[in-house]
Amino acid sequence: MKKLIFCFLFLVIVLPSSADMLEIKPMTEATNRIFIGSALKMTRIKYESGFMFGISGGWEIDRNLALGLANYRLISNIEMARVDDKPQNLNFSYRGITARYIARKSLGSGYLSINALIGQGKIRYIVGDESKFLVFEPGVEFEFIPVLNLQMGVGVSYRYVRGIELDSLHDNQFREMTALIRLKLVDFSYWFVDGSTECLFLR
């Protein structure tokens, strides 16, 4: 996990400097627009390193506040048992409502935001044998100023779960720090002018 945090700090320090040197032209700041995106999370599940992939979408209400929905699923193979000499991998996923508040601006190529997810998850590794749980995941993220309508973010969060009751599994095995890389498409109206599609590269 220390390596994940080191990589996050490296991205936060190096990427903003690179964007400044390249003189990337930013978009207008967000105000009343929808977004969709995906994220890759690096975390630990049952004391083993793994990756989770997720999709999200929502509404950026103004320059400071955004609300949305997100769904994350474990994509790494973590073996739990063997049945008929076949591995039974862990199936771990959760989804919920998300909220984001921009805590500070004027950080060069982006800004810091405080975000949180609250919702429900499901865990299983043998068909018909599963457990549901509550999840709360607060975090902090550095969001780069969008280029065209593509925005990148890097961040860390802490996943808190409660209610896992499945064989020898328990909550503490799934309460972990997480590092993530996120890509979002924002402001779809950016591609349209007066109701007609116009390629930005041809302007």
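## A buried pair

Both Arg-100 and Glu-143 are buried, where buried means under 20% relative accessible area, exposed means over 50%, and partly exposed lies in between (1.4 Å probe, protein chains only). For Glu-143, the relative accessible area is 2%.

Before going further, here is some background on the model. This is a predicted model, in which local features need pLDDT of at least 70 and side-chain atom pairs count only at pLDDT 80 or more, while totals for chains, interfaces and linings use all residues. Residues are numbered from 1 along each chain as its sequence is written, and side-chain values use heavy atoms, with hydrogens and water left out.

## Salt bridges

Side chains of opposite charge can pair when their charged atoms come close. A salt bridge here is a side-chain nitrogen of Lys or Arg within 4 Å of a carboxyl oxygen of Asp or Glu. How many salt bridges does the structure hold? There are 8.

One of them joins Arg-100 to Glu-143, with the closest N and O atoms 2.8 Å apart. This pair links distant parts of the chain, since Arg-100 sits in strand 6 (residues 91-104) and Glu-143 in strand 8 (residues 129-144), 43 residues apart. Strands (E, at least two residues) and helices (H or I, at least four) are DSSP runs, numbered from the N terminus.

Lys-184 has another salt-bridge partner in Glu-60, with 3.6 Å between the closest N and O atoms. Which residues are linked in a network of salt bridges? They are Arg-33, Glu-60, Arg-100, Glu-143 and Lys-184.

## The strands around strand 1

Two strands pair if DSSP finds at least two bridges between them. Strand 1 (residues 33-45) pairs with strand 2 (residues 48-60) in the antiparallel sense, over 13 bridges. Across this pairing, Ile-34 stands opposite Trp-59 of strand 2. The hairpin of these strands has 2 residues between them, and Lys-46 takes a positive phi near 55 degrees there.

Strand 1 also runs antiparallel to strand 10 (residues 176-186), joined by 8 bridges. In strand 10, Leu-183 is the bridge partner of Ser-38.
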